[in-house]
Structures are given as structure tokens and as C-alpha cells.
Amino acid sequence: MAMALSGKVAAGRPKRADARRNYDQLLAAAREVFAEHGTDAALDDIAKRAGVGAGTLYRHFPTRDDLLEAVFRDRVEELTVRAEELLDAESPVDALAAWLRAVVVHSTTYRGLAATVMATKLDGGSELTSTCHGAMYAAGAALLDRARRAGQVRPEVSVSDVLKLVNAVAWATEQANDGPDQIGRLMHVVMTGVRTATPALATT
């Protein structure tokens with residue numbers, strides 16, 4: 001079963017109604033601005049889009065990383081829920097492929113997020129980021145283990161391997177997007193390496 005985010009992490013929204021409203025408006029504005037201009041977008045533009053002052057933004061999110069982590073957390077929650085749903089799919093390896101593609105799409109929605117996530121992971125990151133990574137690893141591991149038990153993926157492939165590969169696909173897509181089919185082509189290459197060889201391929 002995929003790992004749920006801890007109560008401490010999931011409870012990031014403030015309790016007061018007005019503060020919660022500002023928080024939600026800022027988070028929605030951040031998603032829009034980051035999607036349009038990348039994760040280096042001006043924070044003042046996010047505050048303006050949300051209809052609040054810069055002081056309100058910094059009270060909720062003292063640093064850019066705090067805001068990125070909040071956006072990242074929400075998307076991770078969506079991906080862990082999706083992983084849970086895919087555990088009931090008929091084909092375990094197709095379920096794994098569908099989830100990994102969703103991870104790539106998530107990472108490329110906000111230009112610069114893939115590089116930020118990789119850098120944060122290498123640096124150790126915050127408790128929130130570490131918990132989000134743990135949730136992602138658990139979600140991916142559940143799908144990978146199911147595909148492995150079905151004999152559909154190579155036994156030596158780890159969840160760390162596949163998540164590094166899809167993060168590389170996301171980064172490559174950000175750097176040089178060769179068209180709408182690029183993610184599909186690159187993910188086909190990844191899954192070809194992850195899947196066990198079919199009998200026909202094994203004899204060649």
C-alpha cells in the first residue's frame with residue numbers, strides 16, 4: 001500500500017478561516033504562476049495574482065522553498081492517491097508505467113521543479129520534502145513490487161532506479177522539448193529497460 005503523508009505534513013494549512021483562505025489563494029496562484037513562468041517566477045507576482053500583499057505571502061511562506069514545498073506536497077498527495085487506485089489495475093506493469101508517466105507530467109508542469117527536487121534530494125532537504133520523497137518511494141515501491149511478483153519487470157530494478165529515470169526524463173523534457181510525443185517516447189525507452197524480456201525478444 002502506498003505511504004500516506006504524515007499528519008504533520010498534511011496539516012500545512014492554517015486553521016483560522018481568513019488565514020486559510022489567503023493560504024489557499026496563494027497556493028492556487030503559485031501553481032498558475034509557476035506553470036506559466038517556472039519555479040524562478042517572482043514571488044511578488046504570486047502575491048498579486050492571489051490578491052494579497054507581499055507581507056501575507058511571506059507570513060505563510062517565508063522562503064521560495066517553503067512555497068515550492070507546499071506546491072510539491074499537494075501534487076505528491078495526488079500522485080499517492082493515483083498509485084493506490086492503480087494497485088487494482090489489471091496489468092501491474094501497465095499500472096506502473098501509467099503512474100511513472102504521471103510523475104513525469106507532474107514534474108514538467110512547473111518548469112524547474114525537476115532540477116529543484118533533485119537538488120533538494122541531494123542536499124538532504126527539509127522534513128517536509130523528506131516525507132514527500134518517502135511517500136513517493138512507498139507509492140512507487142507498491143506498484144513495482146506488484147509488477148515484479150507478476151514477473152513483468154526485471155528483478156534487479158529498484159524503485160530508486162525508476163524514479164531517478166523518470167526525473168531524468170522530466171529534466172530532459174524541460175531542457176529540450178522535441179514535441180508533444182517526447183515524454184511518451186522517452187518513457188517507452190525507460191519501460192523497455194524495466195520490463196522483463198518477452199520470449200520472442202529473449203531468443204534474439
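**Figure 1. Overview of the chain.** The predicted model has eleven helices and zero strands. Helices (H or I, at least four residues) and strands (E, at least two) are DSSP runs, numbered from the N terminus. Read from the N terminus, the order of elements is α-α-α-α-α-α-α-α-α-α-α. Of the 204 residues in the chain, 42% are buried. Buried means under 20% relative accessible area, exposed over 50%, and partly exposed in between (1.4 Å probe, protein chains only). Among contacts with a separation of 6 or more, 72% join residues 24 or more positions apart. Contact means heavy atoms within 4.5 Å. Residues are numbered from 1 along each chain as its sequence is written, and side-chain values use heavy atoms, with hydrogens and water left out. Because this is a predicted model, local features need pLDDT of at least 70 and side-chain atom pairs count only at pLDDT 80 or more, while totals for chains, interfaces and linings use all residues.

**Figure 2. The crossing of H2 and H5.** Two packed helices are described by the angle between their axes and the distance between the axes. Here, the axes of H2 (residues 17-37) and H5 (residues 64-86) come within 10 Å and cross at roughly 90°. Axes are lines fitted to C-alpha atoms, for helices over the stretch in contact, and angles run from 0 to 180 degrees between N-to-C directions. H2 and H5 are therefore roughly perpendicular to each other. Angles under 35 degrees count as roughly parallel, over 145 as roughly antiparallel, 65 to 115 as roughly perpendicular, and the rest as oblique. H2 contributes Tyr23, Leu27, Ala30, Arg31 and Phe34, which meet Arg64, Leu67, Leu68, Ala70, Val71, Arg73 and Asp74 of H5. The residues of this contact comprise eight nonpolar, no polar and four charged. Ala, Val, Leu, Ile, Met, Phe, Trp, Tyr, Cys and Pro count as nonpolar, Asp, Glu, Lys and Arg as charged, and the others, Gly among them, as polar.

**Figure 3. Asp74 in H5.** Asp74 is part of helix H5. Its relative accessibility is 16%, so Asp74 counts as buried. Beyond its neighbours within four places in sequence, Asp74 is in contact with Leu27 and Arg31.

**Figure 4. Helix H6.** H6 spans residues 92-109. At 1.5 Å a residue, its 18 residues should span 26 Å, and the end C-alpha atoms are 26 Å apart, which agrees. The expected span is 1.5 Å times one less than the number of residues. Buried residues in H6 include Trp99, Leu100, Val103 and Val104.

**Figure 5. Met187 in H10.** Met187 lies in helix H10 (residues 182-194). At 6% relative accessibility, Met187 is buried. Leaving out residues up to four places away in sequence, Met187 touches Leu100, Arg101, Val104, Val166 and Val169. Met187 and Arg101 are 86 residues apart in sequence, yet 7.0 Å apart in space, C-alpha to C-alpha.

**Figure 6. Cys132 in H8.** Cys132 belongs to helix H8 (residues 127-149). Its relative accessibility is 0%, so Cys132 counts as buried. Cys132 and Phe72 are 60 residues apart in sequence and 8.0 Å apart in space, C-alpha to C-alpha.
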